[in-house]
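Look at the chain below before reading on. The paragraphs that follow take up its salt bridges, its ligand and its surface in turn.

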Amino acid sequence: MTSKNISELAKFYKKKRTERIDALEKAGFVGTEEKDLLANHLALSEDVADSMIENQVATYQLPYGLALNFLIDDQDYVVPMAMEEPSVIAAASSAAKLFAQHGGFQTAVTERMMIGQAILTNVPDPEKAIAIIDDYEIDIIQKANQAHPSIVKRGGGADSIRIREIQADPEYNTPHFLIVHLHVETLEAMGANMINTMMEAILPYLEELSGGTALMGILSNYATECLATASCRVPADALAKGELSGEEVRDLIVLASQLATVDPYRAVTHNKGIMNGVDAVVLASGNDWRAMEAGVHAYASRSGQYRALSSWKTADNGDLIGELTLPMPVGTVGGSISFHPGAKMTHHLLDYPNAEQLESIIVSVGLAQNFSAIRALVTEGIQKGHMGLHARSLAISAGATADDIELVAAELKNHKHMNLAQAKEILDHIKQNR
Ligand code: MEV
């Protein structure tokens with residue numbers, strides 16, 4: 001990583017937007033070109049926007065902010081997040097700051113193997129078909145790789161197959177399916193296009209081998225062979241809050257984690273908190289957040305019940321330890337990554353991580369986000385932290401601009417009822433007395 005002067009980012013949240021961009025330059029994160037792009041809100045050009053989707057009529061913007069203080073595998077990061085929800089970036093940054101004081105996040109990633117599915121129906125003799133397909137594994141892999149030779153040249157490509165059978169089920173009125181999984185090492189790419197090309201290419205051969213009918217060939221977004229884990233620990237003392245001792249807060253966090261392990265209604269919200277962080281980085285990095293969402297929630301259900309994705313426990317020495325494992329179908333090349341100004345900026349600010357490093361960053365942000373949410377929930381609740389930003393949103397909705405936003409928000413916080421009517425009244429009052 002090129003050297004950065006992180007101390008230039010002190011009190012970042014207190015600065016004006018233009019001052020933040022200047023601070024990023026002083027800290028060595030951006031040069032003149034990137035500064036201009038940031039100043040222009042990472043705008044998509046007309047041509048690029050029009051060529052990305054069909055029937056394009058406008059671009060839809062989201063705020064793009066930086067989560068600070070992340071220490072991941074001994075490397076400092078400021079992490080770009082594209083996000084509409086207030087408090088998320090503040091929460092991630094505050095958790096990251098706490099963990100950075102105690103070693104930061106440690107991560108581990110599996111090999112980057114994505115899965116393609118070929119689905120066969122009407123297979124006359126499934127047992128025989130399975131044996132034949134198994135015998136011809138090398139040929140199947142070869143045909144898949146011939147369909148996308150460039151990945152093989154770069155050292156990746158189709159690697160192996162797994163054969164799965166799903167029996168006919170009278171309860172659901174479903175027939176027998178023979179399913180061939182192709183495991184593909186996608187290197188720096190998420191690999192959706194590559195895998196879809198490979199799967200379509202091998203379908204006729206699989207029909208020939210099995211005597212069945214191919215229904216489809218497509219990537220599976222359930223990326224169980226591409227996982228990333230982050231872990232972190234903090235001494236209980238560092239968790240004390242108000243009247244509550246550090247041990248009490250730790251025990252409440254552990255209890256919250258246990259609850260989300262056994263209650264699906266809580267688990268969904270617990271995991272939503274994790275995805276607040278994950279999706280924001282996935283989106284900012286030009287990756288497919290729908291693929292991430294789909295895979296993650298299936299992974300949360302892998303035991304047969306939907307459960308928390310993270311766990312918080314007490315270590316033998318009394319520290320709080322957290323761990324999160326997520327499927328990580330992300331890449332650093334492909335899709336819009338090479339031309340979308342926001343995605344390009346994110347890779348630049350992260351100092352061009354490879355795909356494994358990007359996985360590590362994303363899963364760490366998820367764990368930080370989860371910690372902040374449950375720590376707030378079991379101590380002061382989340383509304384207190386939300387109120388400041390909520391007040392600002394109301395001020396903007398009431399028509400406040402520039403410095404009036406802070407004036408209205410500050411006044412609004414003194415009122416019992418924080419609502420739009422109140423915000424409008426305060427704004428009118430400020431304007432009349434100017
Ligand atoms: C809100 O966007 C996310 C939380 O509900 C997560 C959680 O409850 O753990 C605060």
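Start with D319, which counts as buried because its relative accessibility is 12% and buried means under 20%. The model shown here is a predicted one. The side chain of D319 meets that of R233 in a salt bridge, with 2.9 Å from N to O. This pair links distant parts of the chain: R233 belongs to strand β8 (residues 227-234), while D319 sits in the loop between β9 (310-314) and β10 (320-327), 86 residues apart. R233 has a relative accessible area of 35%, so R233 is partly exposed.

A second pair joins R434 and D404, whose closest N and O atoms are 2.5 Å apart in a salt bridge. R434 is exposed, because its relative accessible area is 64% and the cut-off for exposed is over 50%. D404, with a relative accessible area of 9%, is buried.

E25 is partly exposed, at 34% relative accessible area. E25 and K35 also belong to a network of salt bridges that includes D22. The structure holds eleven salt bridges.

Now turn to the ligand. Which residues are around the ligand? They are E85, R266, T269, H270, K272, G273, N276, A373, L377 and I382. By class, this shell has three nonpolar, four polar and three charged residues. Helix α10 (264-284) and helix α13 (355-378) each supply at least two residues of the shell, and the largest share, six residues, comes from α10.

Some side chains bring an N or O atom to a ligand oxygen: the distance is 2.7 Å for E85, 2.7 Å for K272 and 2.9 Å for N276. The protein covers 86% of the 300 Å² of accessible area that the ligand has on its own.

On the surface, Y60, L62, L283 and W289 form a nonpolar patch, with about 430 Å² of accessible area together. W289 is placed in helix α11 (residues 289-300) and, at 36% relative accessibility, counts as partly exposed.

Finally, consider the whole chain. It has 16 helices and ten strands. Of its 434 residues, 46% count as buried. Its C-alpha atoms fill a box of roughly 85 × 55 × 45 Å along the principal axes.

Notes. Residues numbered from 1 in each chain as written. Predicted model: local features only at pLDDT ≥ 70, side-chain atom pairs only at ≥ 80, totals over all residues. Heavy atoms only, no water. Patch = residues over 30% accessible without salt bridge, like charges linked within 9 Å, V, L, I, M, F, W, Y side chains within 5 Å. Areas by Shrake-Rupley, 256 points an atom, 1.4 Å probe, with all protein chains shown as cover. Salt bridge = Lys/Arg side-chain N within 4 Å of Asp/Glu carboxyl O. Helix = DSSP H or I, 4+ residues; strand = E, 2+ residues; numbered from the N terminus. Buried < 20%, exposed > 50% of the residue type's maximum accessible area, 1.4 Å probe, protein only. Near = heavy atom within 4 Å. Polar contact = N/O pair within 3.5 Å; in protein donor to acceptor, adjacent residues only side chain to side chain. Nonpolar A, V, L, I, M, F, W, Y, C, P; charged D, E, K, R; others polar.
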